[in-house]
Amino acid sequence: MFRRTMVVVLLALVSLSGCGLLDRDEKKEEIERLIEENAQFSVFLRDDNPAERKAAVEARLRTLPDVTTVTFEGHDVAYAKMKKMFAEQNQEMPENFEPENLPETFVVKMKDQAAVRNVRDTPLQAELKALPGVQDLVFTCTTFEECKADSIRRRSPAPAAS
């Protein structure tokens, strides 16, 4: 359960770091350029993956249309990134948090955000999510408008329980 909670925290931070651009006084065109330059999504892996299963997932990801690179990130790389994100937000890492609390991940860089949306918004997403060994796929916003909507949604108070 702790691992799943930390994955949710990681997802929130990744989302915030990508869309935090909206809090700056940069022009919309610059933000759109930065979003476009970061055309990628992440594939979180389950804990129990033998090397051949990871290789099969990687091989399938490399066959996607408009993929430019597929990079494997182990527990230590994910941990280092999370530490950096916490530091950038002036927050302390949770106690007893270890690299193994984060999933191994493939980062899939695409030609452009249209290619990312082609995976996210089509049956390809479900196909990839169903691959043996895949825990989840994570997509950040792919347009200025999506980032703005995500940012507004995060700032809105949660609805009251009835």
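**Pro65 and its contacts**

I looked up Pro65 to begin with and found that, leaving aside its neighbours within four places in sequence, it is in contact (heavy atoms within 4.5 Å) with Met110 and Asn118. The model I am reading is a predicted one, in which local features need pLDDT of at least 70 and side-chain atom pairs count only at pLDDT 80 or more, while totals for chains, interfaces and linings use all residues. I keep in mind that residues are numbered from 1 along each chain as its sequence is written, and that side-chain values use heavy atoms, with hydrogens and water left out.

I placed Pro65 in the loop between H3 and S2; helices (H or I, at least four residues) and strands (E, at least two) are DSSP runs, numbered from the N terminus. I noted that Pro65 counts as partly exposed at 42% relative accessibility, where buried means under 20% relative accessible area, exposed over 50%, and partly exposed in between (1.4 Å probe, protein chains only). I also looked up the C-alpha atoms of Pro65 and Val116, which are separated by 9.6 Å although the two residues are 51 residues apart along the chain.

**Helix H3**

In H3 the buried residues I wrote down are Lys54, Val57 and Leu61. Seen down the axis of H3, these buried residues fall within an arc of 60 degrees, so they line one face of the helix; the arc is that of the directions from the helix axis to the C-beta atoms. I reminded myself that an α-helix has 3.6 residues a turn, so residues three or four places apart point the same way. On the face of H3 turned away from its buried side I found the exposed residues Ala51 and Glu52. The cover over the buried residues of H3 includes strand S1 (40-45), strand S2 (67-73), strand S3 (105-110), helix H6 (123-129) and strand S4 (134-139).

Val43 stands opposite Leu137 in S4, and five of the six residues of S4 are buried.

Which residues have the most contacts inside the largest nonpolar core? I listed Phe41, Val43, Val57, Leu61, Met110, Val119 and Leu128, in a core that has 20 residues; a nonpolar core is a set of buried Ala, Val, Leu, Ile, Met, Phe, Trp, Tyr and Cys residues joined through side-chain atoms within 4.5 Å. The elements giving two or more residues to this core are S1, H3, S3, helix H5 (113-120), H6 and S4. I also noted a second, separate core of six residues, which includes Ala78, Met82, Phe86 and Leu102.

I looked next at Asn90, which is found in the loop between helix H4 (75-88) and S3. Phi of Asn90 is near 55 degrees, a positive value in a residue other than glycine, and Asn90 is exposed, with a relative accessible area of 73%. Asn96 lies in the loop between H4 and S3, has a positive phi of about 60 degrees although it is not a glycine, and counts as exposed at 67% relative accessibility.

**The disulfide**

How many disulfides are there? I count one disulfide, by the rule that a disulfide is a pair of cysteine sulfur atoms within 2.5 Å. This disulfide joins Cys141 to Cys147, with an S to S distance of 1.9 Å. The torsion about the S-S bond of Cys141 and Cys147 is about 80 degrees, so the disulfide is right-handed. I recorded Cys141 as buried, with a relative accessible area of 5%, and Cys147 as buried at 1% relative accessibility.

Note on methods. Two strands pair if DSSP finds at least two bridges between them.
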